[in-house]
Amino acid sequence: MSRTGTTGTGAGAASTVAQEVELALVLASTSPGGEAADVVRERLRGYVRAYAGAAEARARGLADGRERDIALRGVAHARAVAADPVHDPAAHLRLLAMGARMVLRYGPEGGGVAR
């Protein structure tokens, strides 16, 4: 998903999500309740929604049972955080960033590699 709200593919989309994750982590420490954080939070929610299906499908196909379970739980948690209301803006932004990182890792471009 680009900053305009559309999903992308390839290294460009992965790079965009990775940049958003880094920005979210900075905002969580500096201004978690600000307007910029709200915008980034919504973009991260969009990334999780856009890529969670592909990440779950890839996770289900993992041969290693332990890795598969961890990946599936991570994707499920990312979806839950994306759906949750914000009670603690800093914590929510950090959790959402980590969830986006997880779906990116196992999503269409991730290939199961850490970012």
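Visitor: Of the 115 residues of the chain, what percentage count as buried?
Guide: In this predicted model, a residue is counted as buried when its relative accessible area is under 20%. Applied to the 115 residues of the chain, that cut-off gives a buried share of 38%.

Visitor: Among contacts between residues at least 6 apart in sequence, what percentage join residues at least 24 apart?
Guide: A contact here means heavy atoms within 4.5 Å. Among contacts in the chain between residues at least 6 apart in sequence, the share that joins residues at least 24 apart is 67%.

Visitor: Which element gives the largest share of the largest nonpolar core?
Guide: The largest nonpolar core has 30 residues, and V17, L44, V48, L93 and V103 touch the most other members. The elements that give two or more residues to this core are α1, α2, α3 and α4. In soluble globular proteins, nonpolar side chains tend to be buried together. The largest share here is nine residues, and the element that supplies them is α2.

Visitor: Which residues does V17 touch, not counting residues up to four places away in sequence?
Guide: V17 is one of the residues that touch the most other members of the largest nonpolar core. Once residues up to four places away in sequence are set aside, the residues that V17 touches are Y47, Y51, A100 and L104.

Visitor: Is L44 buried or exposed?
Guide: L44 lies in helix α2, and, leaving aside neighbours within four places in sequence, L44 is in contact with E20, V21, A24, L93, L96, A97 and A100. L44 and R101 are 57 residues apart in sequence, yet their C-alpha atoms are 9.5 Å apart in space. Because the relative accessible area of L44 is 0%, L44 is classed as buried.

Visitor: At what angle do the axes of helix α2 and helix α4 cross?
Guide: The contact is made by residues of α2 including A37, L44, V48 and Y51, and by residues of α4 including P89, L93, L96 and A100. By class, the contact of α2 with α4 has 15 nonpolar, two polar and three charged residues. The crossing of α2 and α4 is left-handed. The axes of α2 (residues 35-60) and α4 (residues 89-106) come within 8 Å, and the angle at which they cross is roughly 35 degrees.

Visitor: How is α3 oriented relative to α4: parallel, antiparallel, perpendicular or oblique?
Guide: The axes of helix α3 (residues 65-83) and α4 come within 9 Å and cross at roughly 135 degrees. Since angles over 145 degrees count as roughly antiparallel and those from 65 to 115 as roughly perpendicular, the orientation of α3 to α4 is oblique.

Visitor: How many nonpolar residues are in the contact of α3 with α4?
Guide: α3 passes α4 in a left-handed crossing, and the contact includes I70, V75 and V81 of α3 together with L95, M102 and Y106 of α4. Beside four polar residues and one charged residue, the number of nonpolar residues in the contact of α3 with α4 is eleven.

Visitor: How many charged residues are in the contact of α2 with α3?
Guide: α2 and α3 pack at an angle of about 160 degrees, with their axes 9 Å apart, which makes α2 roughly antiparallel to α3. Among the residues that meet are R45, R49, E56 and R60 in α2, and R68 and R79 in α3. Alongside nine nonpolar residues and one polar residue, the number of charged residues in the contact of α2 with α3 is six.

Visitor: Is H92 buried or exposed?
Guide: H92 is placed in helix α4, and, leaving aside neighbours within four places in sequence, H92 is in contact with R41, R45, V81, D84, P85 and V86. Because its relative accessibility is 7%, H92 counts as buried.

Visitor: Is S29 buried or exposed?
Guide: S29 is found in helix α1 (residues 10-30). S29 and R94 are 65 residues apart in sequence and 9.1 Å apart in space, C-alpha to C-alpha. Because its relative accessible area is 55%, S29 is classed as exposed.

Methods: Residues numbered from 1 in each chain as written. Predicted model: local features only at pLDDT ≥ 70, side-chain atom pairs only at ≥ 80, totals over all residues. Heavy atoms only, no water. Axes fitted to C-alpha atoms, helices over the stretch in contact; angles between N-to-C directions. Helix = DSSP H or I, 4+ residues; strand = E, 2+ residues; numbered from the N terminus. Left-handed = near helix turned anticlockwise from the far one by under 90°. Nonpolar A, V, L, I, M, F, W, Y, C, P; charged D, E, K, R; others polar. Parallel < 35°, antiparallel > 145°, perpendicular 65-115°, else oblique. Buried < 20%, exposed > 50% of the residue type's maximum accessible area, 1.4 Å probe, protein only. Core = buried A, V, L, I, M, F, W, Y, C linked by side-chain atoms within 4.5 Å.
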